[in-house]
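Work through the exercises below with the sequence and the 3D view open. Each task is followed by its solution in steps.

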Amino acid sequence: MKNVLWMGAVLLTLCSCGGKMTWKRVPMQGARTGVQACTADNVAEKLGVIDGTVYKAPNGREFPEGSATYAVAKALIDAQPVMAELKEVVGHSTREMVRTYPECELSDWFIDELMRAAERKSGQKVDFGITNFGGIRVDMPAGDVLMDDIVSMFPFKNNLCFLQLYGRDIRALLEQLAATSWQVVGGARCVVQDGKLVSAEIGGEPLDDDRIYGVATISFLLNGGDNLFVARNAVSLEMYDEYILDVMLPYVQRLTAEGKPIEYQTDGRIQFLTAEGETSEEFRK
């Protein structure tokens with residue numbers, strides 16, 4: 001997908017600690033002007049217009065050239081033609097899907113489609129999938145979903161991968177997640193207690209250490225990303241010339257073409273238990 005510029009909906013900041021990137025969705029503050037977030041088709045209505053030396057805001061107020069409001073409004077309005085592609089409505093979400101650990105609707109939706117995509121590309125069965133929560137940068141909004149939302153959700157150039165792993169190596173990965181920070185997994189049902197993996201199933205059967213499983217993941221996690229080495233001991237590995245966005249954006253567009261909304265349900269694939277054996281409501285990140 002070609003590079004495009006976007007503004008407003010997502011704020012990217014660099015933290016002082018090691019240059020770590022964080023993303024934050026910020027609402028547009030339109031108290032003075034009545035400005036609201038726009039799509040490609042309602043710029044004048046939502047942002048107002050520049051009429052010669054005057055900025056006419058959506059609420060009827062006017063700001064002369066030379067004022068800070070005029071300068072900001074002009075810069076934002078002038079940028080809209082470049083941003084038009086990103087302001088295209090590509091789907092509709094029945095409700096907001098918020099990133100929460102260790103499992104949420106958004107993470108399940110994401111990894112399950114990555115697994116289907118890896119299966120299509122490889123022509124082989126995918127039994128298990130693993131990616132990272134850090135690869136989902138913003139939540140899924142309710143209502144109209146813009147291309148900007150999906151681009152901002154999956155901005156990193158991490159390739160889709162298919163590999164084969166022995167069950168013992170998948171178990172080692174799951175044990176690492178249980179002891180440190182849980183990530184996004186698919187095709188498995190896991191129970192974790194006191195930082196230890198209590199049980200793991202894949203495809204409804206207990207994880208078999210001696211069986212070779214088909215695995216979907218991303219290039220970032222192959223050799224050390226988020227301290228995971230998914231490709232360690234891989235029986236085979238294929239990396240495709242498709243980034244995460246190249247998988248997820250067409251998925252959203254296919255749903256829309258079929259008249260289907262964006263929606264998903266969790267299935268209890270990950271359970272964290274308290275010391276008493278009850279499901280914990282507080283999950284460690």
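**Exercise 1: Charges over rings**

Arg168 lies over the face of Tyr166, 4.7 Å from the ring centre. The model is predicted, with local features needing pLDDT of at least 70 and side-chain atom pairs counting only at pLDDT 80 or more, while totals for chains, interfaces and linings use all residues. Residues are numbered from 1 along each chain as its sequence is written, and side-chain values use heavy atoms, with hydrogens and water left out.

Task: state over which ring the charged end of Arg232 sits.

Solution. Start from the criterion: NZ of Lys or CZ of Arg must be within 6 Å of the ring centre and within 35 degrees of the ring normal. Then look at Arg232: its charged end sits over the ring of Phe229, 4.6 Å from the centre.

**Exercise 2: Aromatic pairs**

Task: find how many aromatic pairs the structure holds, and classify the pair Phe110 and Phe154.

Solution. Step one is the rule: rings of Phe, Tyr and Trp (its six-membered ring) pair if their centres lie within 6.5 Å; planes under 30 degrees apart count as stacked, over 60 as edge-to-face and the rest as tilted. The structure holds five such pairs. In step two, the centres of Phe110 and Phe154 are 4.7 Å apart and the planes are at 40°, so this pair is tilted. Step three places the two residues in the chain: Phe110 is in helix 3 (residues 105–122) and Phe154 in the loop between helix 4 (147–153) and strand 9 (159–166), 44 residues apart. Helices (H or I, at least four residues) and strands (E, at least two) are DSSP runs, numbered from the N terminus. Phe110 and Phe154 are both buried, where buried means under 20% relative accessible area, exposed over 50% and partly exposed in between (1.4 Å probe, protein chains only).

Solution. Trp182 lies in the loop between helix 5 (167–179) and strand 10 (184–186), and Phe272 in strand 16 (residues 270–273), so the pair ties together parts 90 residues apart in sequence. Trp182 and Phe272 are both buried.

**Exercise 3: The core**

Task: name the residues with the most contacts inside the largest nonpolar core.

Solution. A nonpolar core is a set of buried Ala, Val, Leu, Ile, Met, Phe, Trp, Tyr and Cys residues joined through side-chain atoms within 4.5 Å. The largest has 64 residues, and Trp109, Ile150, Leu174 and Trp182 have the most contacts inside it. Apart from this core lies another, of eleven residues, including Cys38 and Phe63.
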